[in-house]
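Trainee: I have the coordinates loaded. Can you walk me through the fold, with cut-offs?

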Amino acid sequence: MLDIKFIRENPEAVKENIKKKFQDEKLKLVDEVIEIDEKLRASKTDGDNLRAEKNKASKEIGKFMQNKELDKAEEAKKKVADINEEIAKLEKSEKTLAEELKTRMMVIPQMMDETVPIGKDDSENVELEKFGEPIIPNFEVPYHVDIMESFDGIDLDSSRNTSGAGFYYLKGDIARLHSAILAYARDFMIDRGFEYHIPPFMIRSDVVTGVMSFAEMENMMYKIEGEDLYLIGTSEHSMIGKYINTITPEEKMPLALTSYSPCFRKEVGAHGIEERGVYRIHQFEKQEMVVICKPEDSKDWFVKLWQNTVDFFRSLEIPVRTLECCSGDLADLKVKSLDVEAFSPRQNKYFEVGSCSNLGDAQARRLNIKLRGENGTYLAHTLNNTVVAPPRMLIAFLENLLQEDGTVKIPQPLQMYMGGKDKIVPKTNK
């Protein structure tokens, strides 16, 4: 959410930002916000004047009573009562105007960083850099579920019976590999100086609307019936929400946090969640990184965060690339975003395994997250990035580390989490 003062002083810049995001239907909101803001400020001024008039009249009542001028005292009392009625009307009007203003402000997109490429959708995202040499082996790489099934490591039939499409049972070596990757990701981030957290997996609506746009909320979040609670779609939601309505001394900055959680997503608009695949699903687990910092440090942290994910995947011998999200693919609260994509030897292309985002002061403004410095308080900046999110990451892992004999290589950093194994062997080979 933008600062109302910024919109007031820079309406054309805000409109231009909306145009660059190809959201022309929101252009009218800028003029509406300015108009409502003017009415609200005028109403508050009228209210202040009436309160001053009321105070004056209230003082006169005492004087009239002291001088036994009862008729004048009654007139003054009536005047105070009339003023109170007017103030009540104004306060009701101000509440309505404030709600109308906030409703519109919440859907005006954040100002993008000037370096964001302009494009309509994800097809116009820009490749920045590749890390690691993609290798297509001289044997056929099966579909990821087929690889898992060769280890007797997945049961989709049972999950359809218990939960429906978009769920899964992992078991045996594949389940262990899933947990090993998460454990390694946790320690990888701790070794890089991030404080480990396990947050609440449900959050209230005021936190949800503070961390994401209404459109994202509608498409992602599962609501707990009868309660003001939502299942989180990522631990970023809980971790940023942890600091709602707080003021932190700036000398404690930055807060570099890494968090584990299950994640729950509707995946509205996914166009047919795969019956056999685990690429797009309703439930998964993830290791996340979150940073709260001073505004002047957020650009440097943005680079550090996506580099962490690249380094993590490369430590497991998985080739990756980074894509800069163009304006049309940038969520409304984001200032700048990069996707990290892993190489798929089976498809000979890259697919998304993580997303790194700088949200500027958007979440901080919505959640009232402030820092205190020598010159007073000011809004923090927030950033987040995926460390790893299996089972999607398992697809990249299994495809890239599959050997011709059907075994899957376990890279050295992961072996301690797999009981010392340097490979896992399919059931058919045992």
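Mentor: Start with angle classes: under 35 degrees is roughly parallel, over 145 roughly antiparallel, 65 to 115 roughly perpendicular, and the rest oblique. Axes are lines fitted to C-alpha atoms, for helices over the stretch in contact, with angles from 0 to 180 degrees between N-to-C directions. Helices (H or I, at least four residues) and strands (E, at least two) are DSSP runs, numbered from the N terminus. The model is predicted: local features need pLDDT of at least 70, side-chain atom pairs 80 or more, while totals for chains, interfaces and linings use all residues. Residues are numbered from 1 along each chain as its sequence is written, and side-chain values use heavy atoms, without hydrogens and water.

Trainee: How are H7 and H13 oriented to each other?
Mentor: Helix H7 spans residues 172-191, and its axis comes within 11 Å of that of H13. The two axes cross at roughly 110°. H7 and H13 are therefore roughly perpendicular.

Trainee: What classes of residue make up the contact of H7 with H13?
Mentor: Contact means heavy atoms within 4.5 Å. Ile174, Leu177, His178 and Ile181 in H7 meet Met393, Leu394, Phe397 and Leu398 in H13. Nonpolar covers Ala, Val, Leu, Ile, Met, Phe, Trp, Tyr, Cys and Pro; charged covers Asp, Glu, Lys and Arg; the others, Gly among them, are polar. By class, this contact has seven nonpolar, one polar and no charged residues.

Trainee: Which strands stand at the edges of the eight-stranded sheet?
Mentor: Two strands pair if DSSP finds at least two bridges between them. The order in this open, mixed sheet is E1-E11-E12-E13-E16-E10-E9-E4. Each edge strand has a single partner, so one side of each lacks a neighbour in the sheet; the edges are E1 (126-131) and E4 (195-197).

Trainee: Which residue in E16 stands opposite Val291?
Mentor: E10 (residues 283-293) and E16 (residues 381-388) pair in the antiparallel sense over seven bridges. Opposite Val291 stands Leu383.

Trainee: What angle does the direction of H11 make with that of E16?
Mentor: Helix H11 (residues 298-315) packs on the sheet. Its contacts include E1, E10 and E16. The angle with E16 is about 5°.

Trainee: At what angle does H13 run to E13?
Mentor: H13 lies across E12, E13 and E16. Its angle to E13 is about 140°.

Trainee: Which residue is the bridge partner of Lys370 in E15?
Mentor: E14 (residues 369-373) and E15 (residues 376-379) pair in the antiparallel sense over four bridges. A hairpin joins E14 to E15 through two residues. The partner of Lys370 is Leu379.

Trainee: What is omega for the cis bond between Pro390 and Pro391?
Mentor: Most peptide bonds are trans. Pro391 sits in the loop between E16 and H13. Omega for this cis bond is about 15°.

Trainee: Where does Asp152 lie?
Mentor: Asp152 is not a glycine, yet has a positive phi of about 50°. Its place is the loop between helix H5 (144-150) and strand E2 (154-155).

Trainee: Which helix gives the most to the lining of the second largest pocket?
Mentor: On a 1 Å grid over the protein atoms alone, a pocket is an open set of points where a 1.4 Å probe fits, with protein on both sides within 12 Å along at least five of seven lines; lining residues have an atom within 4 Å of a point. This pocket is lined by 14 residues, with Ile135, Glu317, Pro319, Asn400 and Leu401 nearest its centre. The lining has seven nonpolar, two polar and five charged residues. With three residues, the top contributor is H13 (residues 392-401).
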